[in-house]
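Please examine the sequence and the model displayed below.

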Amino acid sequence: EVLPVLPAPQKESAEQEGFADILSQKRQRHFRRGPPHLQIRPPNTVSKDGMQDDAKEREAALGKAQQEENTQRTVISWRGAVIEPEQATELPYKRAEASIKPLVLASKIWKEPAPPNERQKGVIEAFLHAWKGYQKFAWGHDELKPVSKTFSEWFGLGLTLIDALDTMWILGLKQEFKQARKWVSENLDFQKNVDVNLFESTIRILGGLLSTYHLSGDSLFLTKAEDFGKRLMPAFTTPSKIPYSDVNIGTGFAHSPQWTSDSTVAEVTSIQLEFRELSRLTGIKKFQEAVEEVTKHIHSLSGKKDGLVPMFINTNSGLFTHPGVFTLGARADSYYEYLLKQWIQGGKKETQLLEDYVKAIEGIKAHLLRQSQPRKLTFVGELAHGRFSAKMDHLVCFLPGTLALGVHHGLPADHMDLARALMETCYQMNQQMETGLSPEIAHFNMYPRADHKDVEVKPADRHNLLRPETVESLFYLYRVTRDRKYQDWGWEILQSFNKYTRVPSGGYSSINNVQNSHKPEPRDKMESFFVGETLKYLYLLFSDDLELLSLDSCVFNTEAHPLPIWAPA
């Protein structure tokens, strides 16, 4: 039986009462269409003037930071062990700034947890098994190939290790964290002639370093984050200020993919949490200015459909391309997520973000929602030039969690009704497969047919990449409703991962066929998000302590890296 949604605290109730007023007010805003004042240079040729500009920004921000200092911590205690924040290590290319301390100290998003319960111990065991394979066969490399007992490289930056840093901290794995920190200190060097994807490297590397800084208080991670952030800035040197998709972090050369001059809308609008936080911590404004220019530009752009955005945008013209195609799946998903999360991150002051988010949810309801047969599951389809497709990516399963998060922060209660319905659908996308694991893409039956389930899968779509979206939303739904069935569903999914994706020698592998429990066919790849997101959300889902990384103190980026909600000025 579904438990009732718990009543919101008085503060949230007041917010909800004023919610209609916020949206009904007409606000005439003028956004400067010209470029922001950015000091963008290839990072290996940083000028003396550029260094001085950054130093001036730090100095200007120092007074404000000092006012906040009494609410920040200078030491942290990790399960009884007091750890002093370490001195920043030198940047690979900027020794002059090596001794600069952060303007804002690590935020209080972490508190000592209770000892892990039995289900959490199951997650710890799964993580240690995954980590055993990574340590043995892929240490310092991007991704583990557990079946062939080797590794693959994407950026050559220890992606899995960085993605898992905060997971190890949260799970209390002190020794593993210490070893990984040593690798970051001694081996993580961003002065490399390598192209990185702006979005993927921001959410995984920059986000991972920032969250680990906040959890641990260790300035090594902030120093590395600032170094990396500066190397990403050339991506914004486009005529439209819509960033290129790729940037060489060694040479500073940024570019679009070879086959197009477009960037993906989700990618250019899902880097804001990280760059905004980097500016707040360092006092260097150009990070925040660059990403907020993108947000303002997208806000004012024509080509939307009741708040829904197309999937592509041109870096030269700054206009949407391939118009008329709308999805909540790949290439658009996290645009909607980051509207809400930026509003929360900034202390619920940026009402433009809230308005765009709420309008988009209404657009989803109007154009993309349908029900399946025979169980009448509510699902989110896709729209192409007015034609509806009953196709739903597993990626869309982020949405029930995002909706629940919004309700927790005072948004309308009917968002919670939709969150519950979509959560049931995402669970069934797992449950109706032989392995108990969701396919990458599902198609829904919209008409009654004998011997047909709600969810059908095409041969090309039946793989599972160990993705986190279902368990991510289970975490939010449990936090907001306290209905233990969501914990039970997550436990079932963890058991399925253990049964069908676990590799005996260490690690977990994505599989080719979720419909064949006898031959799931391992694909020989453990994505970094399995240890960065999937297992982290499962651990938090099973927690008896609802204040462990409280939804009132932190917001998770789209790679599950917690960042602090900014305190009122």
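The paragraphs that follow describe selected features in turn.

This is a predicted model, in which local features need pLDDT of at least 70 and side-chain atom pairs count only at pLDDT 80 or more, while totals for chains, interfaces and linings use all residues. Residues are numbered from 1 along each chain as its sequence is written, and side-chain values use heavy atoms, with hydrogens and water left out.

Helices (H or I, at least four residues) and strands (E, at least two) are DSSP runs numbered from the N terminus, and two strands pair if DSSP finds at least two bridges between them. An open sheet of 3 strands runs in the order 5-6-7 with antiparallel pairing. Its edges are strand 5 (195–197) and strand 7 (254–255), each of which pairs on one side only. Between strand 5 and strand 6 (residues 246–248) there are 3 bridges in the antiparallel sense; V196 has V247 of strand 6 as its bridge partner.

Consider next the second largest pocket. A pocket is an open set of points on a 1 Å grid over the protein atoms alone, where a 1.4 Å probe fits, with protein on both sides within 12 Å along at least five of seven lines; lining residues have an atom within 4 Å of a point. Of its 38 lining residues, F199, E200, E267, A330 and R331 lie nearest the centre. Helix 7 (198–216) gives the largest share of the lining, 4 residues; among the other elements that supply at least two residues are strand 8 (262–264) and helix 12 (333–345).

Helix 15 (residues 414–431) has 18 residues and spans 26 Å from first to last C-alpha, close to the 26 Å expected at 1.5 Å a residue, the expected span being 1.5 Å times one less than the number of residues. Of these 18 residues, 13 are buried (under 20% relative accessible area, 1.4 Å probe, protein chains only).

The structure holds 23 salt bridges (a side-chain nitrogen of Lys or Arg within 4 Å of a carboxyl oxygen of Asp or Glu). One joins R231 and D227 at 2.7 Å, N to O. These two residues are 4 residues apart in helix 8 (residues 219–232) and therefore separated by about one helical turn. Both R231 and D227 are buried. K391 forms salt bridges with E382, at 2.9 Å between the closest N and O atoms, and with D393, at 2.8 Å. E382 and K391 are buried, and D393 is buried too. Elsewhere, salt bridges that share partners join E143, K525 and E527 into one network.

Notes: Buried < 20%, exposed > 50% of the residue type's maximum accessible area, 1.4 Å probe, protein only.
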